[in-house]
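Hello,

Here is the structure for you to look over. My notes follow below it.

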Amino acid sequence: MSTTFSSAKHFLLATVPMLGHMRAESGIVCELVKLDPHLVFTVLLPKAVAPIFTRELTQWSVTEGDLARIRVVGIGKSEKAEPGKTFQWIFETVHAETLELRETYQSIIGRGLLTCTETGTVFNYQHIAPPSAVFFDMLAPAFAPYVKETTPDVKIINLWISTAGEILSKYGKTEHGGMADWEARTNAVFENGKDGGRTFEEVAQSICKEPDSGKLLPNADGVRLFDYEAVRASGPPPAMMMMGIIKQATQFADASITATTSMFEPGSSKALQEYYEGELGKKVFNFGPLVPFTMAPYKAPPLAAQAPFQPVYDFLDSHPPKSVMLVSFGTLFYPSQTWQLEAIFKTFLETRTPFITSRAPALYQPLDPELEKTIKESGLGLIVDYVPQRDILTHPSLSSFLSHGGNNSMFESIAAGVLNVFWPLDADQPIHAAYMTEVIRTGEAAQPPARGGKIEGTPMAVAEEFKQILSEMKSEVGDRKRKNLMALRQGTFDALKEGGEVQKDMRACLRFLSGEA
């Protein structure tokens, strides 16, 4: 199969094999294609995940004509990750993809033929203008220098799939709590002769050690979170990867796109804009929650779409309104101490609270077999391999959502108007939990939280606290939280609708990339 047509405007996206990032970036591609009828968008990504990205494109309100201008091109030879090796597979695949991208990019700018290694589709670029802008996922920085060197006039767009507060706290200046001066600090160690024979990477990694001093993290919106509450469960990230991410955004990129709005975090959005535009001379555009956002009531998916998840829909349909809790931690992360989750599940059984959970995360740890058997026999719980989270959050039977607090999950719950109980595990999740809650308890039991008394860290304490949460959801406290959530939902919807903040930023981004601003 060969695809050929003409276009004078062409953008390219290089993404990574992570569902949360691909899901958000599919929205960026669709929204820009809808706004510019002359735009063709090529998406380059590892072969194994090309069908996933193609599927995600259909979740947005796009016409067949719009989809025809989006070319999803699988590259390389990657196959699906083996069970238990997802993180290793992601890093290896991204590294291999970087090497493949160079050859692929040359084919595109040379207006040649390009074959998707997953579908066999041949794309003809003879009548397609070379890309005038290349969009990079924040976790795929290694290809940016090559693009800038090969095609210096091409604009590079860095994609932050996160909120402004998180971006500043990790990748901003020291005053923001970030590590923007990381490379300079590492170089200073060598210049002052204090390297002690260590390699550059070893010195950088020592500087990367995440703080646990008990100081409040800087936040322009006044969110209170101790530094040790934001420490990653997986430990400090690889120094060179983090340094590459910072360099892509602050040096190679001409602009960055965020997955937030100034309505959601006005102080942090302003601080990020002042840093990028005022100090770095680079543009920043808020593309808002990169999830399909609608105020429409629940509509059951077509039967064909329901079929793979029929037990989930049957379970929800068999329970009364506002009664079922969804427990989902995305596709990567999972609590490392399963006894905590088991204590919560036992509390669900004791309080007769129906719930659904899944084994989807890459870091999933099996439950105690006896407990899993008890859950199944009770009829109160459903444990499945995967849940269509976005679709079922608006189901009338769903009452609440126990989540890790990833960017997509947080905004999907806001879109659905469903109360979220946060269990932050890694990455941007702690700061999202801090934004959305009054009480937060992360970190070690011996360390007091910035808000919310103390942490005891025992099965009994976990169970008692969750009983309190379930009780409050049915009380005036729950009513107040739902009222607050509905106001946030409406504000987010207003930011996303035609003429709102996000649409204005998307149009401004297109003008910038066209050389009009």
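Start with the largest cavity: Ser-169, Leu-217, Pro-218, Asn-219, Val-223, Leu-225 and Ile-431 line it. Its volume is about 50 Å³. A cavity here is a set of points, on a 1 Å grid over the protein atoms alone, where a 1.4 Å probe fits but cannot get out; lining residues have an atom within 4 Å of a point. The volume is the space filled by probe spheres set on the points, which are joined across faces, edges and corners.

This is a predicted model: local features need pLDDT of at least 70, side-chain atom pairs count only at pLDDT 80 or more, and totals for chains, interfaces and linings use all residues. Residues are numbered from 1 along each chain as its sequence is written, and side-chain values use heavy atoms, with hydrogens and water left out.

Next, the sheet. Five strands form an open sheet, ordered E13-E12-E11-E14-E15, with parallel pairing. Strands (E, at least two residues) and helices (H or I, at least four) are DSSP runs, numbered from the N terminus. Two strands pair if DSSP finds at least two bridges between them. E13 (381-384) and E15 (419-422) are the edge strands. E14 (residues 398-403) and E15 share four bridges. Phe-422 in E15 is the bridge partner of Ser-403.

Last, helix H2 (residues 50-57). Its residues Ala-50, Phe-53, Glu-56 and Leu-57 are buried, meaning under 20% relative accessible area with a 1.4 Å probe, protein chains only. They lie on the same side of H2, because they cover an arc of only 125 degrees around the axis. That arc is taken from the directions from the helix axis to the C-beta atoms.

Best wishes

How values were computed: Buried < 20%, exposed > 50% of the residue type's maximum accessible area, 1.4 Å probe, protein only. 1 Å grid on protein atoms, 1.4 Å probe; cavity = no way out; pocket = protein on both sides within 12 Å on 5 of 7 lines; lining within 4 Å.
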